[in-house]
Amino acid sequence: MKKNILLGHGSGGKLSHDLISNLFVRYFDNPALNSQTDSALLNIEGKNIAFTTDSYVVDPIFFPGGNIGKLAIAGTVNDLAVAGATPLYLSSSFIIEEGFPIDDLEEIVKTMASEAKKAGVKIVTGDTKVVDKGKCDKVFINTSGIGQLDEKHIDISSGKNIKPGDKIIINGTIADHGMAILSARNELKITSDIQSDCACLNKMIKKVLDVSDKIKFMRDATRGGVATVLSELVDNKNYGINIDESSVNINENVKGICEILGFDPMYVANEGKVVIVAGSEDADKIIETLQKNEFGKNSSIIGEITENHSGKGWITTEIGGKRIIDMLSGEQLPRIC
Amino acid sequence: MKYIDEYRDKNIVRKIVEDIKRISKKEVSFMEVCGGHTMSVQKFGIPSLLPENIKLLSGPGCPVCVSSRSYIDQAIAYSRLNDVIITTYGDLIRVPGSTSSLDIEKGKDADIRIVYSVLDALNIAKENPDKKIIFLGIGFETTAPGSAVGIINAAQQGLNNFFLYSSHKVMPPAMKALVDEGVKIDGYIAPGHVSTITGSGIYADIPEKFGLACVISGFEPVDILKSIYLLVKQVESNNPKVEIAYKRAVRPEGNIKALAMMNEVFEPRNDWWRGLGILQNSGLKPKEKYRNFDAEKMFDVEVEPTKEDKGCICGEILKGLKTPKDCKLFNKACTPEDPVGPCMVSNEGACHAYYKYNRD
């Protein structure tokens, strides 16, 4: 039977992984790509460079806590920052639907400019394409970014120095972005005051890297949520993970909507959350640093790397039961970012 | 979260688990017959808290799982008709038919839309007067009143482009059939949502005729553990009866208004259940007077011959005779991305719940 692309191929979950491995990596095949980290790590004439790209198709383009432009800056900046790199330069390409209001475009571009300024990055190149009405939905944005990577942070992307006993940290409440988008879509006629957590985290991450040299791994928990990051982290490894569900912070209103709609917040997208694995001796110091930052106030240690059940993520549920954590399968919410 | 946190309180949970351990002496198996329970049990890791002599089994409580593959095949055939919009709950989208799925058809040309309620489907019908809107009505007594409301509203509003393709089923015949087939269980964790509509009377035969314990349960961990405690107590004291451990939602008489609407629109028919075969009066179809809203009456489609997958033991799992881990396809040929049987697709399916939360 002829196979077609399904929405689930863009979910960031298992179908996406299979598509990437079986198609893109298979044909584009090279060491930098094959490591499949958030940013490609390149060495150009002795200098370590992190390079990443991302396309943004979020629906709706304006949502509580941000818009597609803010997302396009934050997403790419964060992909560089979690690799341990200092984001420097971004490109931005627009695919715009004929008839799209220029005022809306200006608002998006203004947001991008101010986010880039806050993050300390410059948008230095770009491209514009316009397609017939109905051939794309309002506006799609692609941003690519490069950043400088210090040699001592080179292993953060791969997490190769992780060992049992390391702590797993997250910089606040989860599932805000996904549920903000869902409420904003208004299909469900739910009114809520949920705000997306969309934010550039590079300055906060830099502070953390400054106070601790025990950062073993970082990943931004976007599509597929925290659960997907954790299951990817542990997949095929000789260590396991144990998460304590009661130390994962979730806003009450987010929890409520997740309950009504049957979403597991661990699988819902974030746009301003980084999962950090760090040596336990530095965990308190890291939490303290994070909590001083506006994007890290509700930071907590959510679990640790374990020697037992290697290759598997386990969670101690809020009632004290135990079960596994798996990556997202199928599509949870299309066009979340 | 108020009204939820109380039912997930670690200390209350610990207390009930201790109570269960204190009174539970016999080896017992309890079956839940509601997909919501299956999911909660796995999501909260409830089996890991129970003593080894208490086994939980998942029964035929997921509507998507018990429906026949030919239902999907026929829905796919409808979706290929000109001017038809299929409206469906999200669960059905990825269920494999014999050679395709609604998801695959959606990726081609079919207009298939996920809705959260039959009222969304009615709105689509109003907004698209030149199209025919077929709503895939699936579920037990919980969702059947919703479909009934759809037809009643369509009739009142004179909407002649709204149609129901019913796969609605009722729970009691399946619960009885399982016992008749000799499935070894000691009691039922009876479905909370179904009972909200039907009340507790429909289970009277379970203790009276079959001597099995029966407790209607809510969906939070404290609800489920409390129900298990009551079941154990009934078994240990040899005093089977129907108890409601979900009194904040279930009344003995049920939801009279919803039942009236269901009875207004539907009549029983014999229906096929995966694993159980054809059960007398276990399905619901629109009455003759509503035939104009019945997709089966109003559309003539050629449906491909149904092909069931070899090796899939969904049927045995739905009867509680096997668990997903007994299936040789589980986590190999059959995963949520590439499901063989419906129990792997539906969020409420036993295989899906085991895959997601209990794969080790």
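Domain bounds, as used here, come from an automatic or database domain assignment. On that basis chain A consists of domain 1 (37–153) and domain 2 (167–325), whose centres, taken over C-alpha atoms, are separated by 23 Å. The model is a predicted one, in which local features need pLDDT of at least 70 and side-chain atom pairs count only at pLDDT 80 or more, while totals for chains, interfaces and linings use all residues. Residues are numbered from 1 along each chain as its sequence is written, chains are lettered from A and ligands numbered from 1 in the order in which they are written, and side-chain values use heavy atoms, with hydrogens and water left out.

Within chain A, contact (heavy atoms within 4.5 Å) between the two domains takes 24 residues from domain 1 of chain A and 21 residues from domain 2 of chain A. Together these domains bury about 1900 Å², with 61% of that on carbon and sulfur atoms; buried area is the accessible area, found with a 1.4 Å probe, that two parts lose on being put together, summed over both. On the domain 1 side, P64(A), N78(A) and V82(A) lose the most area to domain 2 of chain A, and together they account for 28% of what that side buries.

The interface between the domains of chain A holds one salt bridge by the rule, which asks for a side-chain nitrogen of Lys or Arg within 4 Å of a carboxyl oxygen of Asp or Glu. In chain A, D38(A) and R219(A) meet through their side chains in a salt bridge of 2.9 Å, N to O. Helices (H or I, at least four residues) and strands (E, at least two) are DSSP runs numbered from the N terminus, and the elements giving two or more residues to the side of domain 1 of chain A that touches domain 2 of chain A are helix 3 (68–81) and helix 4 (102–119) of chain A. Helix 3 of chain A gives the most to that side, with nine residues.

Chain B is divided into domain 1 (5–60 + 177–244), domain 2 (68–170 + 254–298) and domain 3 (314–357). The centres of domain 2 of chain B and domain 3 of chain B, taken over C-alpha atoms, are 25 Å apart, and eight residues of domain 2 of chain B are in contact with twelve residues of domain 3 of chain B. These two domains bury about 840 Å² between them, 57% of it on carbon and sulfur atoms. D91(B), R94(B) and R274(B) supply 59% of the area that domain 2 of chain B buries against domain 3 of chain B, more than any other three residues, although the count of salt bridges between these domains is zero.

Chain B averages a pLDDT of 92, and 99% of its residues score at least 70, pLDDT being the predictor's confidence in each residue, from 0 to 100.

Where the chains meet, 28 residues of chain A are in contact with 33 residues of chain B. The area buried between chain A and chain B is about 2800 Å², of which carbon and sulfur atoms give 55%, and E259(A), E318(A) and I319(A) supply 22% of the area that chain A buries against chain B, more than any other three residues. The rule finds three salt bridges across this interface. E259(A) forms a salt bridge with R8(B), with the closest N and O atoms 2.6 Å apart.
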